[in-house]
Amino acid sequence: MPALPRQPAFTTTRSQFPEDFVFGSSTSAYQIEGSSFGGCGSSHWDTFAATPGNVVRSENGAIACDHYHRWQGDLDLVRDAGLKAYRFSTSWARVLPEGRGPVNQEGLDFYDKLVDGMLERGIAPHLTLYHWEMPSALESIGGWRNRDVTDLYADYAQVVTKRLGDRLASIATFNEPWCITWYSHYYGAHAPGLRDIRASSRVAHHVPVAHGKALSAMRAMGLENLGIVLNFEHISPLDDKPGSIKAAKIAEGIYNRWFLGGITKGEYAADVLDLIEPHMPNGWQEDMASISAPIDWMGINYYTRALISEGDTQPGDVLPVQLGNKGALPRTEMDWEVYPEGLGALLEWIRDNYTGELPLAITENGLANKDQLINGTVDDQERIAYLDAHFKQALAAIEKGIPLKAYFVWSLMDNFEWALGYDKRFGLVHVDFDSLKRTPKASYHALKAMLSER
Ligand code: FCB
């Protein structure tokens, strides 16, 4: 496998981007806060991680980066890098330990202080309401398989935004419906770890329904800058065999077109619908108007490409079950190929076919790298090369007139990478998971230099 490119500094400059272009970093609640602190309720990630075999070394987010206690220093790191925006999420179980009913005031107060802390430092708060922690009490009644949970989610969205909504730069209802749906209920790789097509087909609809309900509730509260974050891979056939072309088309429909079409046009990808319609909830058509109510922006998470071949679908399978890892490009520690061109191609395709003039943001992009702390420094030149190559794609998109407004690095600091535990380091800042000490990496310093130049 070719080695990852390395470079000591960015070649793109801040002044090449529009003045009002936003550079930020992203995190999520369960991955950094520490779910054992502050009266947080149990989420399905706590129970999934407690089940042997689900997470590497049975690690969990009980302590994570202890951001719950160290948030002030963490926000200082955001500010000192010159980043003017921070994408964070609120944990449903921290705010409502039973998913509904009594509020954990300490949890809500925590987010309130966090938002004020950002504003004091000149950092714009970008909230995501659901970055994957379904309260266990609601998972017990079926989680996203149960339509009633969509109403409870809209209630939760209102509790959070009533308190924080006056100070937020933007609100996303969901992070990555594809992962919530297929990765978690069909591949079984993430909580709740199901492998069931009926479950996934219901979730594929109920998450958009919940998005629509929360959106309408927040609109009624007068809130602005409401959107959703979807994830994309650049998906193409590995070869020109008809079976590969067909499998790639379906994989691409599931991954890239299902939620995008539902949210922006009120139409699910027809070729995918043909396959899963028998498993969808009755009367789903009646929800499409609410699902596709106008949003103010869309977030795009992009990391890699996938090459699909006919072997990914066994005869009789409804959907291809394997993704990626077949190409010859350099790969990150996630075993993901580095393919910056895919970002540019997707931005153009999304704009041309779905979003038109709707403002877009890259809400996640970054790499897991074999970072090592040696004599107090981490020389992660691979991360600089990776980010720089994707910045170039962002710049080219802007030059083509695509309304791309922001770019958030995943992630501010190393954290709990879900089923892969603490091994996969995505941060600009290194975290020692024994001492919890933070050390800015070479990429942090390089980015800071890039952002301070005008
Ligand atoms: C995305 C998730 C994020 C992180 C990155 C690496 O799918 O949204 O939490 O795990 O991948």
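Contact here means heavy atoms within 4.5 Å. The coordinates under discussion are those of a predicted model.

1. Contact of α13 with α14. Under that criterion, P340, E341, L343, G344 and L347 in α13 meet A389, H390, Q393 and A397 in α14. By class, these residues comprise five nonpolar, three polar and one charged. Helix α14 spans residues 381–399, and its axis is 8 Å from that of α13, at an angle of about 25 degrees. Angles under 35 degrees count as roughly parallel, and α13 and α14 are therefore roughly parallel to each other. The crossing of the two helices is right-handed.

2. Contact of α10 with α13. Helix α13 (residues 340–355) also packs with helix α10 (residues 242–265), at an angle of about 40 degrees and with the axes 11 Å apart. The two helices are therefore oblique to each other, and α10 and α13 form a right-handed crossing. On the α10 side the contact involves E252, N256, R257, L260, G261, T264 and K265, while α13 contributes L346, W349, I350, N353, Y354 and T355. The contact of α10 with α13 holds five nonpolar, five polar and three charged residues.

3. Residue D352. This residue belongs to helix α13. The side chain of D352 is in polar contact with the side chain of R351, at 2.7 Å. Between D352 and R198 there are 154 residues of separation in sequence, and their C-alpha atoms are 32 Å apart in space.

4. Contact of α7 with α9. How far apart are the axes of α7 and α9, and at what angle do these helices pack? The axes of helix α7 (residues 148–164) and α9 are 8 Å apart, and the angle is about 40 degrees. The pair is therefore oblique, and α7 passes α9 in a right-handed crossing. T150, D151, Y153, A154, A157, Q158 and T161 of α7 make the contact with H206, V209, A210, K213, A214, A217 and M218 of α9. Eight nonpolar, four polar and two charged residues make up this contact of α7 with α9.

5. Ligand site. Which residues surround the ligand? They are Q31, H131, W132, N175, E176, Y303, E364, W410, E417, W418 and F426. A polar side-chain atom of H131 is 2.8 Å from a ligand oxygen atom. For E176, an N or O atom of the side chain lies 2.6 Å from an oxygen atom of the ligand. A polar side-chain atom of E417 is placed 2.8 Å from an oxygen atom of the ligand.

6. Cis peptide bonds. The bond from W410 to S411 is cis, with omega near 10 degrees. W410 is also one of the residues surrounding the ligand, and S411 is in the loop between β10 (404–410) and β11 (429–431). A cis peptide bond also runs from A191 to P192, with omega near 10 degrees. P192 is found in the loop between α8 (177–185) and α9 (197–220).

7. R57 is located in the loop between α2 (44–49) and α3 (67–80).

How values were computed: Residues numbered from 1 in each chain as written. Predicted model: local features only at pLDDT ≥ 70, side-chain atom pairs only at ≥ 80, totals over all residues. Heavy atoms only, no water. Axes fitted to C-alpha atoms, helices over the stretch in contact; angles between N-to-C directions. Helix = DSSP H or I, 4+ residues; strand = E, 2+ residues; numbered from the N terminus. Parallel < 35°, antiparallel > 145°, perpendicular 65-115°, else oblique. Left-handed = near helix turned anticlockwise from the far one by under 90°. Nonpolar A, V, L, I, M, F, W, Y, C, P; charged D, E, K, R; others polar. Polar contact = N/O pair within 3.5 Å; in protein donor to acceptor, adjacent residues only side chain to side chain. Near = heavy atom within 4 Å.
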